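Here are some notes for reading the structure shown below.

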Amino acid sequence: MSRTTAIAQVIGDRILCTVKIPSGKSVVISGTLDSENPSVEGYEQLRTNQALIGNAWAYALQTALRVSLPIEEEQKVAAKMAKAHQGITVWIAEYIEDLTEELRTGWCSSCITHSEHRRVKRPIGVLPTWLCVTCGSPTVPCAIPKCDNMASKNFKIGQDRKYCAEHRHDIPSFVRADHSIDSLTDYKEFMTYDKPNFGRITKIVGVGTLGALLFWPLAIIAAPAIGGAAGVLVGGYSGAAATSFGLAWIGGGAIATGGLGMAGGTMIVTALGTALGGGISASIANSYVQQDKSFHFEMLKGGIGVPVVVCSGFLTESGTGWAEWKRIITTRYPDSPVYRVHWGAKELRDIGFVSRDGVVKGSLTLIAQRLAAQANKIAAMKLGPWTPLLALTSIAKNPWHLAKSRADKTGVILADVLARTTDGPFVLVGHSLGARVMTVAAQTLGTKHDTPKIEAVQLLGNAAGAKISWEPMAKSASGKIFNYFSRNDKVLKIIYPVAQGGQSAAGYTGFDLPERASGKIQNFDESERVRGHSEYQQIVVLR
């Protein structure tokens with residue numbers, strides 16, 4: 001008797017995956033390593049299942065990387081990820097073979113849509129399984145009596161998610177998941193729960209085990225393009241190295257089948273620009289807020305002008321109200337309502353080498369030497385593009401990396417909030433890691449094919465890499481992005497490159513941009529006036 005199979009092949013520069021079920025019906029997904037939209041042909045029930053096609057294509061991509069990556073360790077990682085995606089592909093395909101005509105309607109906890117679910121014929125005594133007609137995810141009825149919603153079925157046997165996303169508090173509300181809010185201060189109410197919690201709260205996981213399984217159908221289809229952006233922004237790479245790093249990031253820090261938590265950092269979410277302000281992004285935001293209880297918006301003043309959002313970094317992390325922002329903001333935007341985003345209080349507080357008043361605790365040289373020892377330990381592995389990925393795991397207790405990771409996630413959540421509001425467009429202003437938050441927010445919003453939600457971005461002492469994937473950020477704003485840097489900034493000069501494996505900070509050298517980007521993204525050297533990392537707000541005049 002034949003069985004369900006998924007076989008990936010590399011033929012020249014073409015990659016293809018053939019999925020075949022016992023009835024003989026099949027589907028073929030084909031393309032190249034750079035294909036954003038691979039070709040899909042075959043049996044309708046197979047080719048229209050987004051979950052299956054997404055995982056099959058991820059399996060094919062990792063199979064190609066397994067034979068093309070230059071380092072043996074990289075090849076092993078790609079092989080492990082390929083096997084994981086192959087397993088999910090076969091698992092879903094086997095359900096498709098046994099689909100019945102019986103339908104039920106309810107909210108899907110995987111794609112957060114109100115959808116029909118088609119029943120799968122299962123043996124007597126086995127928990128009934130269904131497939132979401134919208135996303136193709138395996139689902140099971142929520143265990144709460146009289147709840148018509150569907151829970152996500154886990155790939156691992158015996159780990160079905162018995163409660164729907166509402167009753168697990170994976171999302172605040174199915175009905176409100178894609179709703180808009182009028183202003184930033186309404187976000188707290190938007191995040192209130194409609195139902196009691198009967199399951200564990202979804203956790204935001206870090207990069208974690210490289211063998212974790214990725215399931216996000218829409219994201220995987222665009223994996224090469226996403227990988228390139230991730231590699232540049234997160235890893236500081238370019239070209240093929242950026243793509244392979246980005247794919248590692250996506251595959252390594254993964255979302256288990258049916259999972260709704262944010263995993264592997266930020267770039268999976270960044271890829272989902274079209275999902276901003278929708279149900280999926282609501283689940284991601286909920287997961288983030290559960291981990292960062294300090295996240296909220298504080299209104300500093302009202303006004304009739306363009307709304308301004310400010311974000312501080314590790315020098316003013318525990319402050320409330322205006323702190324150091326009043327002069328610089330009211331001078332440039334006197335008539336604007338101003339909001340301050342609070343985030344990552346614990347991570348920022350734990351950065352021990354700078355005090356609240358901006359005074360460096362101890363010798364920058366000694367701090368750099370300590371970070372260098374950690375970095376050299378990672379570099380000794382000689383893992384090429386995978387080094388930053390493993391470094392994040394290996395020095396996970398390093399407060400700088402924890403705060404940087406939180407800043408990236410905060411940027412994505414901020415992008416979702418801005419996309420969800422009926423207010424705006426906004427001006428984003430950030431300092432230090434707060435500027436990194438705004439950089440990621442702009443990058444994320446730049447992936448959304450819609451009217452820009454940003455008028456301008458003002459970045460001071462930006463603790464983000466000088467090398468960026470600049471196009472999404474340029475697209476995010478109707479106006480310009482201004483980056484103010486100083487070569488007298490010793491925090492970014494000494495600490496940043498050591499902590500970031502030799503990368504330069506945009507707040508120390510400016511963004512490294514091609515000439516064609518200069519019309520939209522502009523660097524301003526403030527070295528003659530700004531003598532330290534904490535002086536920007538007191539000295540700089542915003543353009």
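1. A residue is called buried here if its relative accessible area is under 20%, and exposed if that area is over 50%. Trp107 has a relative accessible area of 19%, so Trp107 counts as buried. Keep in mind throughout that this is a predicted model.

2. Start with the whole chain. The protein chain holds 19 helices and 16 strands. Of its 543 residues, 58% are buried. Among the contacts with a separation of 6 or more, 68% are between residues 24 or more positions apart.

3. In what order do the seven strands of the open sheet run? The order is 10-12-11-13-14-15-16, and the pairing is mixed. Strand 10 (296-301) and strand 16 (521-525) are the edge strands, each pairing on one side only. On average, neighbouring strands of this sheet are turned by 20° against each other, with direction ignored.

4. Look inside that sheet at one pair of strands. Strand 11 (residues 308-311) and strand 13 (residues 426-431) pair in the parallel sense, over four bridges. Within this pairing, Val310 stands opposite Val429 in strand 13. Helix 15 (residues 433-445) packs on the sheet and touches strand 11, strand 13 and strand 14 (454-460). The direction of helix 15 makes about 145° with that of strand 13.

5. The peptide bond between Gly424 and Pro425 deserves a check. This bond is cis, with omega at about 5°. Pro425 is placed in the loop between helix 14 (399-420) and strand 13.

6. Strand 12 (residues 338-342) contains His342. Is His342 buried or exposed? The relative accessibility of His342 is 8%, so His342 counts as buried. The side chain of His342 makes a polar contact with the side chain of Glu298, at 2.7 Å.

7. The side chain of Ser294 reaches the backbone nitrogen of Gly344 at 3.2 Å. With 19% relative accessibility, Ser294 counts as buried.

8. Now the aromatic rings. The structure holds nine aromatic pairs. Why is the pair of Trp107 and Phe174 called stacked? The ring centres of Trp107 and Phe174 are 5.3 Å apart and the planes are at 15°; planes under 30 degrees apart count as stacked. This pair links distant parts of the chain, with the two residues 67 residues apart. Trp107 lies in strand 5 (residues 99-107), while Phe174 lies in the loop between strand 9 (150-152) and helix 4 (187-190). Phe174 counts as buried at 1% relative accessibility.

9. A second pair has another arrangement. The rings of Phe295 and Phe297 have their planes at 75° and their centres 5.5 Å apart, so this pair is edge-to-face. Phe295 and Phe297 are both buried. Together with Tyr187 and Phe190, Phe295 and Phe297 form one aromatic cluster.

10. Two charged side chains sit over rings. Lys25 lies over the face of Tyr43, at 5.3 Å from the ring centre. Arg487 lies over the face of Tyr508, at 5.5 Å from the ring centre.

11. Finally, two residues have a positive phi without being glycine. Ile112 has a phi of about 55° and is found in the loop between strand 5 and strand 6 (114-120). For Lys146, phi is near 70°, and Lys146 is found in the loop between strand 8 (138-141) and strand 9. Which of these counts as buried, and which as exposed? Ile112 counts as buried, at 5% relative accessibility. Lys146 counts as exposed, at 87% relative accessibility.

Note on methods
Residues numbered from 1 in each chain as written. Predicted model: local features only at pLDDT ≥ 70, side-chain atom pairs only at ≥ 80, totals over all residues. Heavy atoms only, no water. Buried < 20%, exposed > 50% of the residue type's maximum accessible area, 1.4 Å probe, protein only. Polar contact = N/O pair within 3.5 Å; in protein donor to acceptor, adjacent residues only side chain to side chain. Pairing = 2+ DSSP bridges. Axes fitted to C-alpha atoms, helices over the stretch in contact; angles between N-to-C directions. Contact = heavy atoms within 4.5 Å. Phe/Tyr/Trp six-rings, centres within 6.5 Å; stacked < 30°, edge-to-face > 60°. Lys NZ or Arg CZ within 6 Å of the ring centre and 35° of its normal.
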